[in-house]
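Welcome, and thanks for taking a look at this one. Please have the sequence and the 3D view open side by side as you read.

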Amino acid sequence: MAHQRHNTAAPFQVPRPTTATNIDDNDTNRTQGDPSTKIRQVRWNDDMDGFMIIALVNQVLAGHKRSDNGFTSFQISKSIESVKDGCGIVVLDKNVRARLKTLKREYAEISQ
């Protein structure tokens, strides 16, 4: 009778990025570490929008000048911190810039 090996290890699973949930700092370092990876899709809610917008408005009111093509990296990083502190959700620079683009497009449609 042949000896049968039983594999007790679980099958390999690829970790999936989380969206709009609380994640550990270890996960954020892995997600933010490689800028060549695709943008992580984030589902924005009203609270996240509010924290991001308030942080950006406060930066402008504090006298930090905007760059010619939008907000500076410093201002975006402050909005990232605000969303993380307020909602517990980690977003990336690309996520904030994409959301700003979406909000600008929606504002243009509404204003017409």
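## Ground rules and overall make-up

Helices (H or I, at least four residues) and strands (E, at least two) are DSSP runs, numbered from the N terminus. In those terms, Ser82 sits in helix α3. The chain has four helices and zero strands, and its elements run α-α-α-α from the N terminus on.

Residues are numbered from 1 along each chain as its sequence is written, and side-chain values use heavy atoms, with hydrogens and water left out. This is a predicted model, in which local features need pLDDT of at least 70 and side-chain atom pairs count only at pLDDT 80 or more, while totals for chains, interfaces and linings use all residues.

A word on confidence before the details. The predictor's confidence in each residue, from 0 to 100, is its pLDDT; the chain averages 76, and 65% of the residues score at least 70. Over residues 14–33 the pLDDT is below 50, yet this stretch has 24 contacts in the model beyond near neighbours in sequence; contact means heavy atoms within 4.5 Å. Residues 7–12 also stay under 50, and there the model has zero contacts beyond four places in sequence. Where pLDDT is low, the predicted coordinates should not be read in detail.

Two totals for the chain are handy here. Of its 112 residues, 25% count as buried, a term that means under 20% relative accessible area, with exposed meaning over 50% and partly exposed in between (1.4 Å probe, protein chains only). Among contacts between residues at least 6 apart in sequence, 60% join residues at least 24 apart.

## Where α3 meets α4

Two packed helices are described by the angle between their axes and the distance between the axes. Axes are lines fitted to C-alpha atoms, for helices over the stretch in contact, and angles run from 0 to 180 degrees between N-to-C directions. Helix α3 (residues 73–87) packs against α4 at an angle of about 95°, and the axes are 10 Å apart. The pair is therefore roughly perpendicular, the class for 65 to 115 degrees (under 35 is roughly parallel, over 145 roughly antiparallel, and the rest oblique).

From α3, the contact uses Ser73, Ile76, Ser79 and Ile80; from α4 come Asp93, Val96, Arg97 and Leu100.

## Two serines of α3

Ser79 lies in helix α3 and is buried, at a relative accessible area of 0%. Setting aside neighbours within four places in sequence, Ser79 touches Met52, Ala55, Leu56 and Val96.

What does the side chain of Ser82 reach? It reaches the backbone oxygen of Phe51 at 3.1 Å. Ser82 is buried as well, with a relative accessible area of 18%, and beyond four places in sequence Ser82 is in contact with Phe51 and Ala55.

Asn95 belongs to helix α4 (residues 93–111) and is buried, with a relative accessible area of 4%. The side chain of Asn95 comes to 2.8 Å from the backbone nitrogen of Leu92.

Is Arg43 buried or exposed? Arg43 is exposed, with a relative accessible area of 60%, and is found in the loop between α1 (25–33) and α2 (46–61). Arg43 and Asn95 are 52 residues apart along the chain, while their C-alpha atoms are separated by 9.7 Å.

Key: A polar contact is a pair of N or O atoms within 3.5 Å; within protein, one must be able to donate a hydrogen and the other to accept it, and residues adjacent in sequence count only if both atoms are side-chain atoms.
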